[in-house]
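Hi,

Here is the structure I said I would pass on.

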Amino acid sequence: MTEALLEGGTPRKVLEVGTGCGYQTAVLAPLVTTVYSVERIAALQVRARRVLRDLRIGQCVHAARRRVRGLAAVCAI
């Protein structure tokens, strides 16, 4: 997926839907300017935030404890 994304050049912004554990967000973070990562399952969102914080990957800005159009969290790195 990352290889296909970068084929046409390096995008400035990427939207990742379904953050899961945060692995793909961690892979994309050093390659692009901004990663918007969305997860609707609260437990996965909490785990991903912890993983990204522990790895010191960017500044995670999220919609804390509120729903954004039905999503449990929005994370921009």
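One thing to look at on the surface is a nonpolar patch made by Leu-15, Val-17 and Tyr-36, with about 320 Å² of accessible area together. A patch here takes residues with over 30% relative accessible area and no salt bridge, joining like charges within 9 Å and nonpolar side chains (Val, Leu, Ile, Met, Phe, Trp, Tyr) within 5 Å. A salt bridge means a side-chain nitrogen of Lys or Arg within 4 Å of a carboxyl oxygen of Asp or Glu. Areas are from the Shrake-Rupley method with a 1.4 Å probe, and for residues only the protein chains shown count as cover.

Before I go on: this is a predicted model, where local features need pLDDT of at least 70 and side-chain atom pairs count only at pLDDT 80 or more, while totals for chains, interfaces and linings use all residues. Numbering starts from 1 along each chain as its sequence is written, and side-chain values use heavy atoms, with hydrogens and water left out.

Back to Leu-15, which sits in strand β1 (residues 13-17). Helices (H or I, at least four residues) and strands (E, at least two) are DSSP runs, numbered from the N terminus. Leu-15 counts as exposed because its relative accessibility is 59%; the cut-offs are under 20% for buried, over 50% for exposed and partly exposed in between (1.4 Å probe, protein chains only). Leaving aside neighbours within four places in sequence, Leu-15 is in contact (heavy atoms within 4.5 Å) with Tyr-36 and Val-38. Its C-alpha atom is 8.7 Å from that of Thr-34, 19 residues apart along the chain.

Next, helix α3 (residues 42-54). Which residues of α3 are buried? They are Gln-45, Ala-48 and Leu-52. These cover an arc of only 65° around the axis, so they are on the same side of α3; the arc is that of the directions from the helix axis to the C-beta atoms. The face turned away from that buried side carries the exposed Ala-43, Arg-53 and Asp-54. After α3 comes Arg-56, with a positive phi near 55°.

As for the whole chain, there are three helices and four strands, in the order α-β-α-β-α-β-β from the N terminus. Of its 77 residues, 35% are buried.

Cheers
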